[in-house]
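Work through the exercises below with the model open. Try each task before reading its solution.

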Amino acid sequence: MKRGATDGEFCRKIKKLRKEKLTQTQLADLADVAISVISAYESGNRYPSYEVLINLSHIFHVSIDYLLGISTIKSIDVTGLNDNEIDVIMQMVEILKSNI
């Protein structure tokens with residue numbers, strides 16, 4: 001991956017997302033890489049292959065654009081929720097946005 005404006009974004013986002021729910025060991029297992037690789041991603045010393053980048057986006061339920069700092073939009077996985085439950089979540093998001 002070419003170094004550019006998103007260099008720091010990737011390592012910060014991976015670390016933040018990982019710390020919310022996982023240890024480095026758990027993420028390494030899920031991403032099928034070594035723990036040292038996760039550490040290198042988080043410190044900005046290494047960047048993932050396209051395959052690992054796609055896998056990370058699936059693990060964290062975010063877009064690749066979000067991981068790379070191209071987009072600030074973060075999605076919410078609503079798998080398993082019915083339409084009414086999804087509507088309630090959407091209404092809550094709109095209320096929170098209007099209070100900003």
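**Exercise 1. Find which residues are linked in a network of salt bridges.**

Solution. E9, R12 and K13 form such a network. A salt bridge here is a side-chain nitrogen of Lys or Arg within 4 Å of a carboxyl oxygen of Asp or Glu. This is a predicted model, in which local features need pLDDT of at least 70 and side-chain atom pairs count only at pLDDT 80 or more, while totals for chains, interfaces and linings use all residues. Residues are numbered from 1 along each chain as its sequence is written, and side-chain values use heavy atoms, with hydrogens and water left out.

Step 1. Take the R12–E9 pair: its N to O distance is 3.2 Å.
Step 2. R12 and E9 both sit in helix 1 (residues 7-21), three residues apart, or about one turn of the helix. Helices are DSSP runs of H or I with at least four residues, numbered from the N terminus.
Step 3. Check accessibility. R12 is exposed at 52% relative accessibility, and E9 is partly exposed at 26%. The cut-offs are under 20% relative accessible area for buried, over 50% for exposed, and partly exposed in between (1.4 Å probe, protein chains only).

**Exercise 2. Describe the largest nonpolar core and find what V33 is in contact with.**

Solution. A nonpolar core is a set of buried Ala, Val, Leu, Ile, Met, Phe, Trp, Tyr and Cys residues joined through side-chain atoms within 4.5 Å.

Step 1. The largest one has 21 residues, and F10, V33, Y41, L56, F60 and L67 have the most contacts inside it.
Step 2. Two or more residues come from each of helix 1, helix 2 (24-31), helix 3, helix 4 (50-60) and helix 5 (64-68). Helix 4 gives the largest share, five residues.
Step 3. Set aside neighbours of V33 within four places in sequence: V33 is then in contact (heavy atoms within 4.5 Å) with A28, I38, Y41 and V52.
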